[in-house]
There are 2 protein chains.
Amino acid sequence: MTLLEHTLTSIPPLDHEADRQVQVLLDKKTKPRRSLGKLEDIACQVAAIRGTVHLPVPQKAIVVMAADHGVAEEGISAYPQEVTAQMLLNFARGGAAINVLARHVGAKVVLVDMGVKGDLPKVPEVRSLRVAPGTQNLSRCQAMTREQAVASLERGIQVAGELVDEGISLIAIGDMGIGNTTSSSALVAAFMGVSSSEVTGRGTGLDDAGLFRKIAVVQRALDLHRPDPSRPLDVLACLGGLEIAGLAGVVLGAAARRVPVIMDGFIASTAALVAARLSPRAKDYLIASHRSVEVGHRLVLKSLEKRPYFDLDLRLGEGTGAALTMGLVDAAVKILSEMATFEDAGVSDTGA
Amino acid sequence: MTLLEHTLTSIPPLDHEADRQVQVLLDKKTKPRRSLGKLEDIACQVAAIRGTVHLPVPQKAIVVMAADHGVAEEGISAYPQEVTAQMLLNFARGGAAINVLARHVGAKVVLVDMGVKGDLPKVPEVRSLRVAPGTQNLSRCQAMTREQAVASLERGIQVAGELVDEGISLIAIGDMGIGNTTSSSALVAAFMGVSSSEVTGRGTGLDDAGLFRKIAVVQRALDLHRPDPSRPLDVLACLGGLEIAGLAGVVLGAAARRVPVIMDGFIASTAALVAARLSPRAKDYLIASHRSVEVGHRLVLKSLEKRPYFDLDLRLGEGTGAALTMGLVDAAVKILSEMATFEDAGVSDTGA
């Protein structure tokens, strides 16, 4: 059995008994029942995933995967392709938004080159797991071979497994790749059976002409490949990005090891959707984060049955929204471990 | 001139030049323009309030004011009145949700007894600024005298001023008081000219019968007092709570000293509305936080032209949502101070 096959079959069901016990514990805390709303939901979900009611503040890692996209040659981004490599090096030097927000929440940033085009200077902060020097142009041919899609997924699984081995218990996923909203729009349209215009947005800042061009490119890709949504690996190979496949692998690998994964915006959430189409149980391991301004994000969240916690009009990617959500997860588990009960505190409990 | 009159006339206009300069600085950071959405808005707003582009991570205090409400005798809460004092002592011992979340974001909690009914044991963690042993029953007579309303406002102004003197540069407001959603519903209905049923919710957990009773009590208060929304001090005296008036004072006092105030849920936001009706400029100093499940909260946010950042189904009060928002403000100012520019990082900037 391959690593991918093994992982897909080894994702355990949630531990609903742990979930139930955590709600019982929360109901004894000095507050009206359920008055902390989704913070309580998060604590319950983490317990169900971890399979225990003992929830220390998690050790946190944000996995940011970068790759290039052949479709960039269609002029579908406001930025030139070399920005993928430039930004990855910016992440390595600690100067990007994701670095600031990771420090803010006490998470380490794990940088992975899944297939940046051209020569990337070797820096110790970036792990090279390159599958190809970028994808092919998905509007003209398959973006990846099936073998490349599997290799990307397996490298993601491997990264997640190593993080869990070193004690990481909460993972966030983030992306960098000029052209990757185009790939994500095509993937979401294919999986959800909607038209290009329903899932294609301005990305990092296209003008109207750019947006119309991008919608046409996505539609051309859908017409060319006529992807079958019941064959997720084929959809991924035709339309996906190397970093999107890698992040889907991170989701699968984390889920197989009972570690929750926080989604970010449109691209990272599309990667999570790919994982959930490969193994429906993966969905249970996903924690929502923010509502991106990118139009396709709503559809992805709907398909994954997740409601976002933040409404911040973010459209950056990199895992920035997921990083902020890590602070919420910490808050949720601290509520469980640090709050007094009605009995401890001598407060009248009416059970309301 | 009284302290209240002096404060109302000394709230400065925002520094829009600082706001503009911060956006220029943010636009040089390695990210598409405005891609951090409301995080950028927060940094700009804090700069406009503080009157400078130099924004260190703020020193933070959460002011939680507690008081009792005569209207509790109408059976409009799921909890007995003694819970106000019990919870205030729970705050003092550090066991409540607000204590956990304050530690999480590195804020100190300032506890103020504005008028808890009965004898409260003296504890050093609670500051006594009692104006009365709770309000009168607002559905039968004025909740407070005009003098009590002014005294409560001025004690809040005093608390804010002292915090600013000791170096606090970001304040969150929170409440505790059995019956205070009833008072808030009446205040919001009076200020916004809407009916009781549009602004009255289940508070900490009323059943249907309790909700109908509460709606009737609020309507009776409105019919009795026929408050004139153009006379905010009279509205406050007729319908307000001592802690709501105190928190409105905190908003005014902080605004007069160029310190931003983070609103919380329905009650704290109603206090902010009272402040904004007393001095429209106070609105500019308010930072939104979450969207409470309490129905009247939406109306308050609309009146204050604020959109919430979190959607967490909170309905606890205490300043819990505001505390979480402090983490967002920290993140916003760190983005401004810690991110690299396109020039620093050697990243291609297309101006998108």
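How many bridges join strand β1 (residues 60-67) of chain A to β2(A), and do they run parallel or antiparallel? Select both strands in this predicted model. There are 7 bridges, and the strands run parallel. For one pairing, pick Val63(A): its bridge partner in β2(A) is Val110(A).

Stay on β2, residues 108-115 of chain A. This strand is mostly covered, with 6 of its 8 residues buried. Click Val112(A) and look for its bridge partner in β3(A), Arg127(A).

Now show the whole sheet. In chain A, 6 strands form an open sheet in the order β3-β2-β1-β4-β5-β6, with parallel pairing. β3 and β6 (286-287) of chain A each have a single partner strand, so one side of each is left without a neighbour in the sheet. Further along, select β4 (residues 170-176) and β5 (residues 261-262) of chain A, which are joined by 2 bridges. Ile171(A) has Val261(A) as its bridge partner in β5(A).

Then select helix α5, residues 97-105 of chain A. It is largely enclosed by the rest of the structure, because 7 of its 9 residues are buried. Among them are Ile98(A), Asn99(A), Val100(A) and Leu101(A).

What covers these buried residues? Within chain A, the cover includes β1, α4 (83-93), β2 and α14 (320-338).

Finish just after α5(A), at Gly106(A), which takes a positive phi of about 75°.

Technical notes
Residues numbered from 1 in each chain as written. Chains lettered and ligands numbered in written order. Predicted model: local features only at pLDDT ≥ 70, side-chain atom pairs only at ≥ 80, totals over all residues. Heavy atoms only, no water. Buried < 20%, exposed > 50% of the residue type's maximum accessible area, 1.4 Å probe, protein only. Helix = DSSP H or I, 4+ residues; strand = E, 2+ residues; numbered from the N terminus. Pairing = 2+ DSSP bridges. Contact = heavy atoms within 4.5 Å.
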